[in-house]
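Here are my notes for a first look at this structure. Please keep the model open while reading.

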Amino acid sequence: MFNRPIKQFAIGFRRFRRDQSGVSAVEFSLILPVFLTIMFASIDLGVLMMNMNRIQSSSNVATRFLSLGSLKATEAPSFFREATKIDGLVVKSTCKTINGQKYAELTVTSKPDKLMVTGLNTPLFKNDVVVRSMFLVDANQAPDACTSA
């Protein structure tokens, strides 16, 4: 009496198990979000590294010009912003005297989401990005370097 429905169920289940139509679509839909996440994270990290390199290079150049007297301390932040073309940077130029020697220093601070494509504020990048460059001012070569006027 119960034998026939169980037999039909077993036959239907075997047929269902052998049917392969739509398997690739299901596999693709399972893999696609993971693939896209990895791809966009790689692009975002690449842009972040490119912008960090741009900030470091421009900071070195601006600080070098500042230490040689080619650039005044008040002009350094605008020179730096023009060189990098990145919005949201806080740039501060100072001149310090350490152990009797004069140094030109440029400090750049930014939120990490300003340096990435997606602007995601992830827990990985919760601290501000700070880049500091310092060059020794040669008083013989540039006596008026690091003057604010």
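1. Start with the surface. The chain exposes about 10,600 Å². Carbon and sulfur atoms supply 61% of that area. Bear in mind that this is a predicted model.

2. Next, burial. The chain has 149 residues, and 24% of them count as buried.

3. Now the secondary structure. There are three helices and three strands in the chain. Along the sequence they follow the pattern α-α-α-β-β-β.

4. Look at helix α1, which covers residues 3-18. Arg15 lies in this helix. Is Arg15 buried or exposed? Arg15 has a relative accessible area of 56%, so it counts as exposed, the cut-off being over 50%.

5. Arg15 also belongs to a positive surface patch.

6. Move on to helix α3, residues 76-84, where Phe79 lies. The relative accessible area of Phe79 is 28%, so this residue is partly exposed. That class sits between the buried limit of under 20% and the exposed limit of over 50%.

7. What does Phe79 touch, leaving out residues up to four places away in sequence? The contacts are Val61, Ala62, Phe65 and Leu71. Take Ala62 as one of them. Phe79 and Ala62 are 17 residues apart in sequence. In space, their C-alpha atoms are 7.1 Å apart.

Definitions and conventions: Residues are numbered from 1 along each chain as its sequence is written. This is a predicted model: local features need pLDDT of at least 70, side-chain atom pairs count only at pLDDT 80 or more; totals for chains, interfaces and linings use all residues. Side-chain values use heavy atoms; hydrogens and water are left out. Patches are made of residues with over 30% relative accessible area and no salt bridge: like charges are joined within 9 Å, nonpolar side chains (Val, Leu, Ile, Met, Phe, Trp, Tyr) within 5 Å. Accessible areas come from the Shrake-Rupley method with a 1.4 Å probe; for residues, only the protein chains shown count as cover. A salt bridge is a side-chain nitrogen of Lys or Arg within 4 Å of a carboxyl oxygen of Asp or Glu. Lys and Arg count as positive and Asp and Glu as negative; His and the chain ends are not counted. The place of a charge is taken as NZ of Lys, CZ of Arg, CG of Asp or CD of Glu. Helices (H or I, at least four residues) and strands (E, at least two) are DSSP runs, numbered from the N terminus. Buried means under 20% relative accessible area, exposed over 50%, partly exposed in between (1.4 Å probe, protein chains only). Contact means heavy atoms within 4.5 Å.
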